[in-house]
Structure formats: C-alpha cells, structure tokens
Protein chains: 2
Amino acid sequence: MPEITTLKGMHDFLPTDMYVRRYFIDKIRNVFEKYGYEPLETPALEYYEVLSAKYGEEERLIYRFQDYGGREVGLRFDLTVPLARVLASHNELPLPFRRYQIQPVWRAEKPQKGRFREFYQCDVDLVGIKSMAADAEIIAIIYDTLKALGFDKFTIRINNRKILQTIAERLNLPADKYLPFFRAIDKLDKKGWPGVVDELMRLGLTDSCIEELKGVLKLRDVPTKIMSTLRRVLGDIEGLSEMESLFQYLDAYEIPTEYTVFDVALARGLDYYTGPIHETTVDVPKIGSITGGGRYDRLLEIFTGKPIPAVGTTLGLERIIIVMKETGMIPASAIPTRILMTIFDTTTYKKTVELAQRLRAIGVNVALYPEFVKLSKQLKYADKANIPWVIVMGPDELAEGTFLLRDMKSGNQYKIKLTDYHKVKEYIDGVLG
Amino acid sequence: MPEITTLKGMHDFLPTDMYVRRYFIDKIRNVFEKYGYEPLETPALEYYEVLSAKYGEEERLIYRFQDYGGREVGLRFDLTVPLARVLASHNELPLPFRRYQIQPVWRAEKPQKGRFREFYQCDVDLVGIKSMAADAEIIAIIYDTLKALGFDKFTIRINNRKILQTIAERLNLPADKYLPFFRAIDKLDKKGWPGVVDELMRLGLTDSCIEELKGVLKLRDVPTKIMSTLRRVLGDIEGLSEMESLFQYLDAYEIPTEYTVFDVALARGLDYYTGPIHETTVDVPKIGSITGGGRYDRLLEIFTGKPIPAVGTTLGLERIIIVMKETGMIPASAIPTRILMTIFDTTTYKKTVELAQRLRAIGVNVALYPEFVKLSKQLKYADKANIPWVIVMGPDELAEGTFLLRDMKSGNQYKIKLTDYHKVKEYIDGVLG
C-alpha cells in the first residue's frame with residue numbers, strides 16, 4: 001500500500017468540519033425553501049456528450065473516462081448542465097421551475113486556496129421566466145442567504161452582458177471577440193488595468209479606445225445614481241432598460257443600498273450569460289467572489305430543444321465556509337453536545353445502558369464507553385475526543401440511586417438522582433449548574 | 001445531442017423524492033447522533049490501490065480510470081474502505097471512534113430492482129473496541145433506527161462467522177474453501193436448499209455431510225432457546241461464547257424478543273467479517289435484507305498497519321425507501337407546504353412582495369409567480385406544481401387592506417386582513433379553516 005491518502009485537491013470532512021457544513025447547508029436550504037425553491041439531486045456521472053454540450057474551452061476540466069459498457073462518461077463539473085439535462089429528461093416538470101441543488105462537483109484543475117478538485121456547489125435557479133422580477137428574486141435570495149449566515153458586510157455587484165456587448169460593438173470588435181473581451185474585463189479585479197490592457201491590445205483595441213473604455217468601466221455606484229450617466233454615455237439600449245426594470249423589482253425587497261452596486265466592469269467568465277449578471281464579494285478576508293450567476297436564456301435550448309429562459313446563482317460553499325471560519329462566524333452550538341457515559345463493570349452495565357437510553361429518549365446525545373477499562377482511561381478519552389460532559393455511575397452511586405455528571409472543562413461535578421435524569425438536559429443546556 | 005438522459009442504473013431525485021430522502025436521513029441521523037456517532041464525508045474518488053486493497057473478486061465492480069496526472073483512480077464502491085483510509089490518514093482521531101457516513105457509492109454492475117449503479121449507503125461503525133458490547137450497541141441502533149422510521153415488523157438475524165468457521169472445520173473443508181462455503185450458505189434465502197446443495201457438492205461435501213449441515217443450519221430461534229442446543233451440537237467454542245456475551249449485553253437494551261433471532265444459517269457474502277454478523281429482513285414487501293453488517297477485526301490493519309477492531313452496519317437507503325413508499329410509511333408532512341403568491345400587475349407588485357417577505361419571515365414557504373400573466377394561468381400552475389395554497393391580492397383587495405388565501409384542494413377561500421398575515425400560518429397548519 002504505497003499511498004494511503006486522499007487524492008490531491010480532495011478532502012475528508014471529519015466530524016467538526018461536517019457540523020460546520022451542516023450548519024451552513026441548513027441555513028441556506030431554509031432560505032431557498034422560504035422562496036419556494038425545491039431540492040434536486042442528480043447522478044455524479046453523466047454521458048460525456050451531455051457534459052460537453054455546453055462548453056468549449058472548459059472540457060479539459062472534466063474527469064472523463066470510458067465505462068465497462070464502452071460509454072464515454074464524465075463526472076459533473078457544475079450543476080447547471082445537470083439542471084438542463086433534468087429539464088430535458090423530465091417533461092412533466094411545470095414551469096416556472098424553482099430548484100436548488102447542493103452537491104459536489106469535480107474539476108481536474110490545479111488546486112489552490114479555496115479551489116479544490118472536489119467541492120460542493122450550491123445552485124439556486126428559477127427556470128422559465130423572462131421577467132426581470134426573476135433576476136431580482138435571485139438577488140434578494142443572495143442577500144437573505146448571506147444575512148442568514150451572519151454576513152454583515154458584502155457587496156452584490158450587478159451588471160448586464162447586453163451592456164458589455166453594446167460596448168464591444170461600439171469598439172468595433174468582431175462578434176467572435178466578444179467572449180475574449182468579456183473574459184479580459186473579468187480579470188480586472190485580479191490583475192488590475194495593466195494586466196487587462198495587454199489582453200485588450202491583443203484583441204486589437206487601440207490606446208484611445210482603451211482609454212475610453214476605462215472611463216465607462218470605472219462606473220460603479222448605487223443604481224439610481226449611475227443610471228442617468230449610463231443613459232447619456234450609452235444611449236437608450238436594451239441592457240439599460242433591463243437593468244432599470246431589475247432595480248425597480250429589486251426595490252420591493254428593501255435591501256439597504258450599501259449591499260448592491262451597479263458595476264459596469266463586472267463581466268463573469270462563462271460564455272452562456274445573456275442578460276443581467278452578478279457577483280458577491282466580501283472585503284475581509286480577500287478571497288474573490290463568494291457567489292456568482294446571472295441570466296442564461298439560450299443555454300437550456302441546447303438540451304431541451306425549445307427556448308427556456310432561466311436565471312440563477314451559485315454559492316461557493318467552500319469559500320464561504322473559509323470566510324466564516326476565519327471570521328469566527330460559526331457558532332459553538334453548531335456542534336451538538338455529547339455526553340460520555342462511562343462504564344464500571346458487568347454489575348452496573350445494565351443500569352448504565354438504561355440511563356443512557358432514557359437520556360437519548362429525551363434528546364440527549366450519549367456515547368457509551370463500550371469496554372470495561374479504568375475510569376481514568378475513559379476520562380482521558382472524553383478529553384481527547386472533545387466530549388464536554390461525562391457521567392459516572394459506579395456501585396456506590398448505584399446503591400444510593402444517583403449518578404455523577406461532570407463538566408470536563410470546569411471540573412464541576414453534580415450528583416443527580418436517577419429519577420431526576422431529565423436534569424442532565426438542563427445542566428448541559430446551561431439552565432442549571 | 002443523441003442521449004439526453006441519465007446513465008442506466010443512475011437516477012435523478014426530483015423534489016418529491018428529495019423530501020422523502022431528507023425525511024429518512026433526518027430520522028436516522030438523529031438516532032445515530034443520540035448514540036454519540038458523528039458524521040464523516042470522504043471524496044468520491046480515491047487512489048485505485050486504496051479501493052482495491054480490501055477485495056479480490058469485487059474489483060470488477062469499481063468504476064476505474066486514469067486521471068490527467070496519470071494516477072489510477074476509482075469511484076468509491078462502499079463506505080468501509082474510505083473509513084479505513086480515513087483512520088490511516090488521520091492519526092489524531094481518538095479511539096473508540098464512532099462515525100456514520102451517508103454518501104453515494106458507485107458500482108459498475110447490472111441494475112435490478114432496488115440495485116443501482118449509483119446509490120446511497122448509510123454506514124454506522126464503532127471502531128477500536130473488542131468487547132461484544134460494541135456489537136450489541138450496533139444492533140440496538142438498528143432496532144432504534146427502524147422503529148424511528150416507523151417499521152413495525154422486522155427481524156434482525158444474528159450469527160457469528162466463527163461458528164460457521166468451526167462448522168467448516170468440522171466438515172474438513174480446507175481453509176481456502178471457507179469463504180466459498182460462507183457464500184454458498186449466504187444464498188440459502190434466495191435459492192433454497194436445492195440450489196445451495198449443488199454448490200456445497202462442488203466444494204467437495206458428501207451427501208451425509210450436507211444432511212448433517214442442514215440439521216445445524218436450520219437452527220434459528222430466540223437466542224436463549226437456541227444456545228443450549230448449539231452448545232450440545234458444537235461444544236464450547238469461541239463463536240458461541242461471543243454470542244452468549246453479545247446477547248447478554250443486548251439484553252440491557254430491552255428489545256422485544258420478536259425482533260432478534262439467532263440464525264445459524266446467516267453467512268453474509270463479504271470476506272472480511274471475523275465475528276458476529278447480522279442482517280435485517282422485512283416480510284412485506286419481499287426485497288431482501290435492508291441492513292447488514294458485522295464485526296471486522298482484521299480489515300483496518302491492512303490500511304493502518306496496526307490491529308484495530310471494529311463493528312458496523314450498513315443501512316440500505318434505497319431499499320428502505322422503496323419499502324417505506326410501498327407500505328405508505330412516508331408521512332405527508334415530509335413535504336413542506338408551499339404557497340403560491342399570485343401577482344397582478346406593477347401597481348400591486350411591491351405590496352405583494354412585501355406580504356411574501358413577511359410570510360417568509362414567520363417561516364412560511366412562499367413561491368412568488370414571477371411574471372405578469374393571467375390569474376387563471378397562475379392558478380393552473382399551482383395545480384400542476386402541486387402547490388396546495390394560493391394567495392390572491394388584486395387592486396380590490398389591496399384597496400381594502402386584505403388578501404385572499406385559497407385552499408386549492410377544497411376550493412375554500414379565506415379573506416384575511418393584511419395586518420393579520422400571521423393567520424396564514426394557522427390556516428395552512430390546519431389550526432384555522
């Protein structure tokens with residue numbers, strides 16, 4: 001056995017990690033369902049042809065192989081393609097279809113901080129609606145989700161691919177350069193202007209064009225403030241009418257103005273967006289965007305054969321959890337309290353199990369030490385395993401119908417009558433003690 | 001796009017399926033955690049060498065391929081190998097280690113009813129304990145879990161590989177025939193004696209040996225009743241002492257006698273069991289075993305390099321859900337009630353969103369119809385999407401500060417004051433109406 005380890009870029013989630021993830025997932029699921037979104041899960045493996053129908057360049061990221069039946073298959077690398085495939089496979093799904101999906105995806109790319117080869121995505125999508133009311137709802141959900149998780153400072157940047165496309169047209173870029181143009185702009189955050197200028201020049205833009213572009217792309221403000229400026233610069237274009245409509249719809253959700261910004265420099269790298277796009281960033285710590293998405297009115301047709309508009313967002317679970325950990329946003333209560341029930345010998349075993357069963361019945365998590373070893377060894381284990389409470393019931397306690405509850409941190413010990421076993425719950429909940 | 005479908009043996013889980021699965025997972029997780037078991041998740045992909053370290057024959061079931069880095073990798077096909085790998089990778093885990101793991105596994109085998117190529121396993125394992133108290137706890141957990149799910153009639157069959165091994169020795173079978181012998185016996189349930197006799201003869205057993213074997217293997221009864229018979233037939237062997245001890249420990253959990261049976265014909269197909277084994281069957285519907293497991297004291301050493309005893313069980317999520325569906329054990333309340341908030345026009349939109357937001361804040365799931373279409377179309381959608389309640393708030397209602405709540409099934413309609421919006425919760429919970 002040369003390698004007894006996980007593959008690079010893939011991780012075990014030990015219990016403490018799992019509790020954090022569950023806390024996170026319970027919170028976001030709750031928000032999604034409040035808005036009427038319903039859960040969906042799809043297989044990890046799909047026909048490679050299905051996975052590759054959407055993308056060009058990103059195909060190299062797909063874990064791909066031939067199965068024993070000679071079929072070309074691959075591991076899903078996002079949750080949007082599976083959604084599209086589901087819509088094609090299940091004609092019975094009524095539109096509008098609101099679904100959320102929280103599952104791992106796999107990408108054969110170089111691991112970095114917050115970027116893994118196996119990671120969970122959380123997607124929320126509203127399928128079948130052209131109205132900008134749908135886009136507004138998705139943005140409201142992002143706001144509510146981050147608030148529910150305890151985020152205080154974040155910015156949802158919003159733009160529209162149609163605006164960027166108009167800009168590309170005005171710059172006389174040929175249509176096949178639009179996507180490279182968007183991707184160049186998308187790197188502004190990471191590379192800054194010097195890095196992006198190189199790429200823009202390679203696309204054939206002149207110095208004066210780039211200067212003009214800078215002037216437009218630096219526009220970034222509260223929607224109401226920016227709209228008239230943009231109308232003056234760009235004229236009465238579809239992208240702006242859409243944005244006006246989106247912000248009007250969004251207005252009903254009464255999100256404080258500091259949380260959303262109209263940012264003309266937001267581009268997003270994916271090729272399939274057709275309208276409004278958005279991305280959420282936090283200032284501290286510096287980790288890039290934690291959610292991203294937009295409208296994609298043409299993608300689903302590739303799979304379903306009929307035009308179906310859609311808008312959605314992805315929450316970066318792994319990144320958000322990194323942020324929440326680094327900023328202490330995970331409450332201690334996310335980890336369920338356990339009690340170690342120590343064990344004395346065969347004469348007390350039956351009574352010990354009985355007490356454990358009674359406590360379990362009232363909702364207390366009890367781990368029984370399952371072997372007759374010295375009490376000191378059992379206490380040492382509770383310590384190592386971070387079990388905060390211990391119950392001791394030897395022959396002496398049993399004779400007087402009591403047991404001892406010990407707080408491992410403080411060392412405090414409480415003698416409780418067997419018939420008062422429900423008091424354990426009050427001690428561990430901090431009501432007594 | 002020739003194939004827009006899932007791969008054979010793999011399934012989408014649409015919202016209604018997902019609610020059933022969540023109901024199931026919440027229930028069993030709750031029982032596992034009451035016993036102090038903690039959640040674990042591991043990557044879908046592992047080094048192929050890790051996956052194949054345990055098995056011989058079953059390797060063909062593994063989805064296996066070479067990744068872009070030239071590494072031989074495979075999709076996990078069970079949760080026991082990942083557990084072993086985790087113990088090898090994380091020396092910091094204190095023993096005893098109680099973990100449960102609920103994740104999909106993949107097997108490249110022929111799909112049948114209740115047997116898929118991608119399916120969830122739920123494993124509960126107690127690692128690091130030799131005492132039969134651990135085996136008893138696992139059986140108590142199976143009992144509690146099935147009871148919590150609403151199962152009324154089931155049988156946990158218990159046996160010990162050491163007993164079967166003694167029988168094999170007495171039959172003068174060579175050691176390399178033990179596993180084929182166990183596997184032949186394992187088929188008794190499916191094939192009956194005629195089918196099994198053929199296999200036993202191929203193993204070299206004579207007719208008289210097989211007759212004698214039949215006499216022993218038919219022993220199947222309440223533990224206390226069977227023990228003395230077995231002592232008489234087999235003598236004072238280790239397998240029996242273990243069973244005596246196990247049943248004594250189990251006694252403390254006060255499981256009614258009809259739920260457990262000592263069944264000498266239980267064998268289990270896997271090669272790694274070293275002590276007590278168990279399997280749970282339900283009579284109706286006929287679907288084979290719904291849980292299975294046992295003690296495996298030598299497996300972990302292959303991965304960790306040191307002997308670590310362990311015992312555990314697997315719950316067959318997919319099969320149990322099939323049984324629960326077929327016998328109507330899934331309560332309607334497993335599906336969260338949603339309300340469709342219909343929408344009139346731009347003049348009422350803001351007030352409509354406000355009402356939706358208020359309802360969400362008090363825990364009501366509200367799906368807003370996100371486009372201005374005829375009310376009849378919106379109601380038709382509620383019907384198709386199985387949304388049981390609808391809210392209508394047109395200009396007339398708005399003018400008098402009310403809205404209408406309609407029960408889609410009964411057609412009953414309630415007029416509610418906007419300020420009394422919390423009453424919606426009482427109507428959909430059945431308190432009012």
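Hi everyone, some housekeeping to start. Residues are numbered from 1 along each chain as its sequence is written, while chains are lettered from A and ligands numbered from 1 in the order in which they are written. The model is predicted, so local features need pLDDT of at least 70 and side-chain atom pairs count only at pLDDT 80 or more, whereas totals for chains, interfaces and linings use all residues.

Let's begin with how the chains sit together.

On to the interface. Here 75 residues of chain B are in contact with 75 residues of chain A, where contact means that the C-beta atoms, placed from the backbone, lie within 7 Å. On the chain B side, helix 13 (residues 346-361) gives the most, with six residues. Helices here are DSSP runs of H or I with at least four residues, strands are runs of E with at least two, and both are numbered from the N terminus. By type, that side of chain B divides into 44 nonpolar, ten polar and 21 charged residues. For the record, Ala, Val, Leu, Ile, Met, Phe, Trp, Tyr, Cys and Pro count as nonpolar, Asp, Glu, Lys and Arg as charged, and the others, Gly among them, as polar.

Now the layout of chain A. The assignment gives domain 1 (15-154 + 282-326) and domain 2 (336-428), with bounds from an automatic or database domain assignment. The C-alpha centres of these two domains of chain A are 44 Å apart.

Chain A also has an open sheet of nine strands, in the order 1-5-6-12-11-10-7-9-8 and with mixed pairing. Two strands pair if DSSP finds at least two bridges between them. At the edges are strand 1 (38-39) and strand 8 (220-221) of chain A, each pairing on one side only.

Look at strand 6 (residues 118-127) of chain A in that sheet. Ten bridges join it, antiparallel, to strand 5 (residues 97-106) of chain A, and Ile102(A) stands opposite Cys122(A). Strand 6 of chain A also runs antiparallel to strand 12 (residues 310-315) of chain A, through six bridges. There, Val124(A) has Thr313(A) as its bridge partner, and Leu126(A) stands opposite Val311(A). Why do we call strand 6 of chain A largely enclosed by the rest of the structure? Because eight of its ten residues are buried, that is, with 20 or more other C-beta atoms within 10 Å of their own; exposed means 12 or fewer, partly exposed is in between, and these C-beta atoms are placed from the backbone.

Over to chain B and strand 15 (residues 389-392), which is covered on both faces. Trp389(B) and Ile391(B) are buried on one side, Val390(B) and Val392(B) on the other. Strand 15 of chain B runs parallel to strand 13 (residues 338-341) of chain B, with three bridges, and Leu340(B) stands opposite Val390(B). Four bridges join strand 15 of chain B to strand 16 (residues 402-407) of chain B, running antiparallel; here Val392(B) is partnered by Leu404(B).

Finally, two residues of chain A. Tyr19(A) is in helix 1 (residues 15-34) of chain A and counts as partly exposed, with 18 C-beta neighbours inside 10 Å. Beyond four places in sequence, Tyr19(A) is in contact with Ala334(A) and Ile335(A). Leu418(A) lies in the loop between strand 17 (413-417) and helix 16 (423-428) of chain A, and Leu418(A) is also partly exposed, with 16 other C-beta atoms within 10 Å. Setting aside neighbours within four places, Leu418(A) is in contact with Leu355(A), Gly401(A), Thr402(A) and Phe403(A).

How values were computed. Two residues are in contact if their C-beta atoms, placed from the backbone, lie within 7 Å.
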